[in-house]
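Welcome, and please have your viewer ready. We will go from stop to stop, with something to select at each one.

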Amino acid sequence: MTDTFKDFEATTLFCGRCQLATPVRKKLLLVLPTGKKYDYTCSVCGTPVGGKTDNDATDFYTTAPPRTPPRLR
């Protein structure tokens, strides 16, 4: 069986503070060796309403260049 959805994005989630489903903003929190961690916040009041971690670790190894040793004179 093949996966129907490769990447699922939430556009509306229930906000406990507003007491209704509201549009959300997706913010990148961390770039981890196992993937990227995102936070979803309510676009009305700013309350965190959910989170997501994807399994794409390619950005982790491209965020910081490898350290070069100091040159000796």
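This is a predicted model: local features need pLDDT of at least 70, side-chain atom pairs count only at pLDDT 80 or more; totals for chains, interfaces and linings use all residues.

Start by selecting threonine 41, which counts as buried because its relative accessibility is 6% (buried means under 20% relative accessible area, exposed over 50%, and partly exposed in between, using a 1.4 Å probe and protein chains only). Threonine 41 is found in strand S3; strands here are DSSP runs of E with at least two residues, helices are runs of H or I with at least four, and both are numbered from the N terminus. Now show what surrounds threonine 41: leaving out residues up to four places away in sequence, it touches Pro23, Val24, Arg25, Lys27, Gly46, Thr47, Pro48 and Val49, where contact means heavy atoms within 4.5 Å.

Residues are numbered from 1 along each chain as its sequence is written, and side-chain values use heavy atoms, with hydrogens and water left out.

**Stop two: lysine 26**

Keep lysine 26 selected and bring up tyrosine 38. What does the charged end of lysine 26 sit over? It sits over the ring of tyrosine 38, 4.1 Å from the ring's centre; the rule asks for NZ of Lys or CZ of Arg within 6 Å of the ring centre and within 35 degrees of the ring normal. Lysine 26 also has a bridge partner in S3, namely tyrosine 40. Select tyrosine 40 in turn, and you will find glycine 50 of S4 standing opposite.

**Stop three: the whole sheet**

Switch to a cartoon view. The protein chain has zero helices and four strands, and from the N terminus on its elements run β-β-β-β. The strands make an open sheet in the order S1-S2-S3-S4, with antiparallel pairing. At the edges are S1 and strand S4 (48-53), each of which pairs on one side only. From one strand to the next, the twist averages 40° (axes are lines fitted to C-alpha atoms, and angles run from 0 to 180 degrees between N-to-C directions). Strands of a sheet pair through backbone hydrogen bonds, either parallel or antiparallel.

**Stop four: strand by strand**

Colour strand S1 (residues 12-15) and strand S2 (residues 20-32): they pair in the antiparallel sense over four bridges, and two strands count as paired if DSSP finds at least two bridges between them. Phenylalanine 14 has alanine 21 as its bridge partner in S2, and cysteine 15 stands opposite leucine 20 in S2. S1 and S2 form a hairpin with four residues between them, and in the turn glutamine 19 has a positive phi of about 65°.

Next, follow S2 into S3. How many bridges join these antiparallel strands? There are eight bridges joining S2 to S3, and this hairpin has two residues between its strands. Finish with strand S3 (residues 35-42) and S4, an antiparallel pair with five bridges.

Select threonine 22, in strand S2. Threonine 22 is buried, with a relative accessible area of 4%. Apart from neighbours within four places in sequence, threonine 22 is in contact with Thr11, Thr12, Leu13, Cys15, Cys42 and Val44.

Then jump to threonine 53, in strand S4. Is threonine 53 buried or partly exposed? Its relative accessible area of 43% makes it partly exposed. Threonine 53 touches Lys36 and Lys37, not counting residues up to four places away in sequence.

Select everything and show the surface. Buried residues make up 18% of the 73 residues in the protein chain.
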